[in-house]
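Dear colleague,

Please find below the structure that I am handing over to you. My findings follow it, and I would be grateful if you would read them with the coordinates open.

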Amino acid sequence: MNVTIIEHTPNPEQTVALAARLCYSPISIDDLREKLESTDIEQFLDKIMSLGHHSVLEHASFTFGIEGISRVTTHQLVRHRIASFSQQSQRYVSHKEHFTSIMPNSIAMDPDAREIFAFMSETVHKAYAQLVELGIPAEDARYILPNATETKIIMTMNARELRHFFALRCCQRAQWEIREMSVEMLRQVKKIAPVIFRDAGPGCASGPCPEGVFCCGQTAEVREFFKKLD
Ligand SMILES: Cc1cc2nc3c(=O)[nH]c(=O)nc-3n(C[C@H](O)[C@H](O)[C@H](O)COP(=O)(O)OP(=O)(O)OC[C@H]3O[C@@H](n4cnc5c(N)ncnc54)[C@H](O)[C@@H]3O)c2cc1C
C-alpha cells in the first residue's frame, strides 16, 4: 500500500483560524490576516474545536494518492460522501497483461490458504485474458475479477470530513486494510496540521468508546497509540 498527500491547502491552520476569527470580529479580512500569529492560532483553534464549531474545518482540504489497495477497500472508501474520488477504470484499463491482487495476512500466513488464493488469482487472470482475446470488451471481462483486485485512487477530503473518517476507519472495529490506510493518512496530515488533527483518530481517542457492546476492550492501548502517532 502506498499513501501520499499530493496536495493540500497551503496553510490549513491559518486558513481555518482566519475563517473562525472572521465570524467573531468586526474588522476587515486584511486586518484579521495581519493580526493572526502562530501562538494565537493554536489557542484559537483549540477553542474552536472544543466548542464544536467544526464547519470552519471545511476550508482546509487534502488530496491523497493511494495505490496498492484492493477493490474491497475502495468500495468502503467511496461510501464516504463528503469526498471526491477518481479511480482507475476497469473499462479503459485492461488487466490482460498485468493483474495483481491484494492478499490479506490471514491468508498469507497459512500455506494452504495461500496456495488456494494464488491458484484462484492465476486462474481468474487466465480466464480474463482469454475473454479479452475472444473479443470481449474489458468492461465485460471485468465481471469475473475478484474483490482482491489491486486498484489506485485519488481522493480529496476536507479536514472536517477527515476527522469523521478517522473516527470510523481508524477504529479497531474497522476492516484491516481501510484501517491501515486511514492510520497512514492520519500520520501524514498530523505533520501538516498538528492542531487540527491533535485528537483525531478513532472515537475513543478523544472521548469514551462509542462502540458500546462492540468495544474492542483495548481503549487504553488504542488511546496511547494515537497519542504517540507521528
Ligand atoms: C465498522 C464499520 C462497519 C460498516 N458496516 C457496513 C455494512 O455492513 N453495510 C453497509 O452498507 N455499510 C457499512 N458501513 C459503512 C457505513 O454505513 C457508512 O456508509 C460509511 O461509514 C460512511 O459513513 P458516513 O455516512 O457517516 O460518512 P460520510 O458519507 O462521509 O458523511 C459524513 C457525514 O455527513 C452527513 N451526511 C452525509 N450524507 C448525508 C445525507 N444524505 N443525509 C444526512 N446526513 C448526511 C452525516 O452526518 C455523515 O456522518 C460500515 C462502516 C464501518 C466504519
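Which residue in strand 2 stands opposite isoleucine 5? In this predicted model, the residue opposite isoleucine 5 is phenylalanine 64. Likewise, threonine 4 has glycine 65 of strand 2 as its bridge partner. Both pairs belong to the pairing of strand 1 (residues 2–8) with strand 2 (residues 61–70), an antiparallel arrangement held by six bridges. Of the seven residues of strand 1, zero are buried, so this strand lies largely in the open.

Strand 2 is also joined to strand 4 (residues 150–158), again antiparallel, through nine bridges. One of the pairs here is serine 70 with glutamate 150 of strand 4.

Overall organisation

The chain comprises 10 helices and four strands. Read from the N terminus, the order of elements is β-α-α-α-β-α-β-α-α-α-β-α-α-α. The domain assignment places residues 2–85 + 151–228 in domain 1 and residues 103–147 in domain 2. A distance of 35 Å separates the C-alpha centres of domain 1 and domain 2. Along the principal axes, the C-alpha atoms occupy a box of roughly 70 × 40 × 25 Å.

Of the 230 residues in the chain, 25% are buried. Where contacts link residues at least 6 apart in sequence, 75% of them join residues at least 24 apart.

The nonpolar core

The largest nonpolar core has 40 residues, and those touching the most other members are Val16, Leu45, Leu162, Phe166, Leu186, Val189 and Ile196. Two or more residues each come from helix 1 (12–23), helix 3 (38–51), strand 2, strand 4, helix 8 (159–169), helix 9 (176–192) and helix 10 (219–228). Helix 9 provides the largest share of this core, with six residues. Leucine 186 illustrates the packing: leaving aside residues up to four places away in sequence, leucine 186 touches Phe166, Cys170, Phe197, Ala200, Gly201 and Leu229.

The ligand surroundings

Which residues are found around the ligand? They are Arg79, His80, Arg81, Ile82, Glu161, His164, Leu168, Arg169, Arg173 and Ala174.

Yours sincerely

Terms used
Residues are numbered from 1 along each chain as its sequence is written. This is a predicted model: local features need pLDDT of at least 70, side-chain atom pairs count only at pLDDT 80 or more; totals for chains, interfaces and linings use all residues. Domain bounds come from an automatic or database domain assignment. Two strands pair if DSSP finds at least two bridges between them. A residue is near a molecule or strand if its C-beta atom, placed from the backbone, lies within 6 Å of it. A residue is buried if 20 or more other C-beta atoms lie within 10 Å of its own, exposed if 12 or fewer, and partly exposed in between; C-beta atoms are placed from the backbone. A nonpolar core is a set of buried Ala, Val, Leu, Ile, Met, Phe, Trp, Tyr and Cys residues joined through C-beta atoms within 7 Å. Two residues are in contact if their C-beta atoms, placed from the backbone, lie within 7 Å.
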